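User: Please take me through this model by question and answer. Keep it brisk.

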Amino acid sequence: MQPVMSIDSDGDEVWRTYNGYHREDGPAIVWQSGRKDWRVHDKHHRTDGPAIEFANGAVYWYLNDIHMSFDQWLDKNQELTDEEKVMLKLRYG
């Protein structure tokens with residue numbers, strides 16, 4: 001089932017399926033505050049960057065709803081090439 005995007009009463013953009021927040025090609029929630037949450041099957045998850053980004057630049061790293069440090073995330077992330085990992089390390093590390 002494809003997620004459906006809607007704007008909630010606070011003006012937040014949300015993508016949902018019957019199982020909760022879900023989007024594979026972008027953030028599942030874009031808050032009015034500027035925060036962005038990537039979720040897959042209602043779990044914080046992102047393999048190409050931080051799963052939570054705040055407007056002030058703070059980021060949080062998750063795989064399968066498990067919060068981890070940036071270095072742990074890089075080590076456990078099997079989706080990225082070594083070149084992509086180097087680029088992320090230059091940007092965030």
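User: In which segment does Gln2 lie?
Analyst: This is a predicted model, where local features need pLDDT of at least 70, side-chain atom pairs count only at pLDDT 80 or more, and totals for chains, interfaces and linings use all residues. Residues are numbered from 1 along each chain as its sequence is written, and side-chain values use heavy atoms, with hydrogens and water left out. Helices (H or I, at least four residues) and strands (E, at least two) are DSSP runs numbered from the N terminus. On that numbering, Gln2 lies in the segment before β1 (4-7).

User: Is Gln2 buried or exposed?
Analyst: Buried means under 20% relative accessible area, exposed over 50%, and partly exposed in between (1.4 Å probe, protein chains only). Gln2 has 65% relative accessibility, so it counts as exposed.

User: Which residues does Gln2 contact, leaving aside neighbours within four places in sequence?
Analyst: Contact means heavy atoms within 4.5 Å. With those neighbours left aside, the partners of Gln2 are Arg16 and Thr17.

User: Is Thr17 buried or exposed?
Analyst: Thr17 is found in strand β2 (residues 13-17). Not counting residues up to four places away in sequence, Thr17 touches Met1, Gln2, Pro3 and His22. Its relative accessibility is 13%, so Thr17 counts as buried.

User: What is the relative accessible area of Met68?
Analyst: Met68 is found in strand β10 (residues 66-68). Beyond neighbours within four places in sequence, Met68 is in contact with Trp61, Leu63, Trp73 and Lys76. Met68 is buried, and its relative accessible area is 7%.

User: How many aromatic pairs are there, and why is the pair of Trp61 and Phe70 tilted?
Analyst: Rings of Phe, Tyr and Trp (its six-membered ring) pair if their centres lie within 6.5 Å; planes under 30 degrees apart count as stacked, over 60 as edge-to-face and the rest as tilted. A search of the whole structure finds six aromatic pairs. For Trp61 and Phe70 the ring centres are 4.7 Å apart and the planes are at 50 degrees, so the pair is tilted.

User: How many residues apart in sequence are the parts that Trp61 and Tyr92 tie together?
Analyst: The ring centres of Trp61 and Tyr92 are 5.0 Å apart with planes at 85 degrees, so this pair is edge-to-face. Trp61 lies in strand β9 and Tyr92 in helix α2 (residues 82-92), so the parts tied together are apart in sequence by 31 residues.

User: How many charged residues are in the lining of the largest pocket?
Analyst: The lining includes Arg23, Glu24, Asp25, Trp38 and Val40. Ala, Val, Leu, Ile, Met, Phe, Trp, Tyr, Cys and Pro count as nonpolar, Asp, Glu, Lys and Arg as charged, and the others, Gly among them, as polar. A pocket is an open set of points on a 1 Å grid over the protein atoms alone, where a 1.4 Å probe fits, with protein on both sides within 12 Å along at least five of seven lines; lining residues have an atom within 4 Å of a point. By class, the lining has two nonpolar residues, three polar, and charged residues numbering five.
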